[in-house]
Amino acid sequence: MIPEIEKASVQNIKAFQEAKLQELLPYLKEHSTYYQRLFAGQNIDIEQIKTLEDLAKIPVTSKDDLQKYNDDFLCVPKNKIIDYVTTSGTLGDPVTFALTDKDLDRLAYNEAISFACAGVTGEDVLQLMTTIDRRFMAGLAYFLGVRKLGGGIIRVGAGIPELQWDSILKFRPTYLIVVPSFLLKLIEYAKSHDINLEESGVKGAICIGESLRNQDFTLNTLAEKITSQWDIQLFSTYASTEMNTAFTECEFQKGGHHHPELIIAEILDDHNLPVPSGKVGELTITTLGVEGMPLLRFKTGDMVTAHEEPCECGRHTKRLGPVVGRKKQMIKYKGTTLYPPAMENILNDFNEVECYVIEIYHNNIGTDEICIKIASHNKSDKFMHNIKDHFRAKLRVTPKIEFHDKKEIEAIRFPSMSRKPILVIDKRK
């Protein structure tokens, strides 16, 4: 199930997207209060925006804009809204996204072709290990996508290894939709309850929320831990509520594939100009085919690298490498630029580390400081030195590291209203 446009030439994909852009701009000018104001205030003549390169004439939209003027992005009357979802906002309150019936169909199509990209077919059964409620788009998207693909789905929800294994052994899913670190808990439960992992029937996992790969696409520490104990295929998928679109790996696992029917993807520098091919920049997206709340040149905050060469799977679409980090979480520490995922990968090297949080703050002279709070049964000086040596070897710097009670750290990682664990606490102003 590869859409024909994804096998087209790069030139034809570009022409296709430019035609879609010509449909989007008049729609925004007619229906979006926010973009009407932007076009008028910046004297933008949308008739002059013909190519993808012309997008540079339009200012970017930030998450702060989305939060301050949330209702102004809505392009349909309230009676056309079928589903409301929320995503975290940078200014404190969540940002609301409203989806129409057409948007839900688009969401289902996106996930269906994304699952198909990873090799899932209508013959497969998938076990959903994320929430489908609490105004969470992802769980709903996975359910709709599997249904569109014609596969079966088991809606177990997050957590509870005993219930997950009960469902796996009873319904025999072939794929799991899961946060990858939770697979380690499933492995641990299976080993302690004499469950044979290799006879489970599970052949793969569609992994969300955490990175599986290094920038060269080799497995990172977390993924190596999983696959060394359970012989299953791991597929990364990257998405966000704002995008209404996913970038999912194919069987060659060299980055998440772009769906040109659904989204325009730019990789921009700090001046909102395209970065050279293969360089890290901020993913900036323009949604195509969204009816309720389409976005134009929206800066996602995620720092990524795009890979342009054709893939062995037959698609000619660009692919996004693993997220390097969130732009706002970039740390300047003792002359070194760091992002939290690099530290997470190091901590995952240690089996003795049960859980952790990374705190970032300013010291009394205004520069960045890092404190990593770790829960472990091993609180020896030797273990602490091992961790610090590993940081020096991998990152050339050593952050402050403290041992804390596991319950204390879990309380920080899972605040009452959160739908997913929080690993990074940024206290900088």
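What radius of gyration would a compact globule with 429 residues have, and what does the protein have? Here are some notes on that and on a handful of residues worth a look.

1. **Ground rules.** This is a predicted model, so to speak of local features takes pLDDT of at least 70 and side-chain atom pairs count only at pLDDT 80 or more, while totals for chains, interfaces and linings use all residues. Residues are numbered from 1 along each chain as its sequence is written, and side-chain values use heavy atoms, with hydrogens and water left out.

2. **Overall size.** To take the opening question: a compact globule with 429 residues would come out near 22 Å, and the protein has 22 Å, which agrees. The radius is taken over C-alpha atoms, and the globule rule is 2.2 Å times the number of residues to the power 0.38. Along the principal axes, the C-alpha trace spans about 65 × 60 × 40 Å.

3. **Secondary structure and contacts.** You'll find 12 helices and 20 strands in the protein; these are DSSP runs (H or I with at least four residues for helices, E with at least two for strands), numbered from the N terminus. Take the contacts with a separation of 6 or more: 65% of them are between residues 24 or more positions apart. Contact here means heavy atoms within 4.5 Å.

4. **Surface and charge.** About 19800 Å² of the protein is accessible surface, and carbon and sulfur atoms own 50% of that. The areas are Shrake-Rupley values with a 1.4 Å probe, and for residues only the protein chains shown count as cover. As for charge, there are 53 positive and 59 negative ones, and their mean positions are 3 Å apart. Lys and Arg count as positive, Asp and Glu as negative, with His and the chain ends not counted; each charge is placed at NZ of Lys, CZ of Arg, CG of Asp or CD of Glu.

5. Of the 429 residues, 53% count as buried, where buried means under 20% relative accessible area, exposed over 50%, and partly exposed in between (1.4 Å probe, protein chains only). Nonpolar side chains tend to be buried together in soluble globular proteins. In this model the largest nonpolar core has 49 residues, and those with the most contacts inside it include L25, Y35, F39 and L296. A core of this kind is a set of buried Ala, Val, Leu, Ile, Met, Phe, Trp, Tyr and Cys residues joined through side-chain atoms within 4.5 Å. Leaving out neighbours within four places in sequence, Y35 is in contact with L28, T61, F73, P294, L295 and L296.

6. **I372 and P399.** I372 sits in strand 18 (368–376) and is buried, at 0% relative accessible area. Beyond four places in sequence, the residues that I372 touches include M343, L347, F391 and P399. P399 belongs to the loop between helix 11 (381–395) and strand 19 (400–403), and it counts as buried because its relative accessibility is 3%. Apart from residues up to four places away, P399 touches Y333, I370, I372 and F391. For a sense of scale, P399 and T284 are 115 residues apart in sequence and 31 Å apart in space, C-alpha to C-alpha.

7. **P260.** Look for P260 in the loop between strand 9 (256–257) and strand 10. With 0% relative accessibility, P260 counts as buried. Setting aside residues up to four places away, P260 touches I5, E6, I13, F16, Q17, L288 and T317.

8. T100 is part of strand 2 (95–100) and is buried at 1% relative accessible area; outside four places in sequence, T100 touches V76, K80, I82, E291 and G292. T130 is in the loop between strand 3 (125–128) and helix 6 (137–149), and counts as buried at 7%.

9. **Positive phi at two asparagines.** N43 has a positive phi of about 55 degrees although it is not a glycine. N43 is in the loop between helix 3 (33–41) and helix 4 (63–68) and counts as exposed, at 71% relative accessibility. Phi of N272 is positive too, near 65 degrees. N272 lies in the loop between strand 10 (263–268) and strand 11 (280–287), and at 24% relative accessibility it counts as partly exposed.
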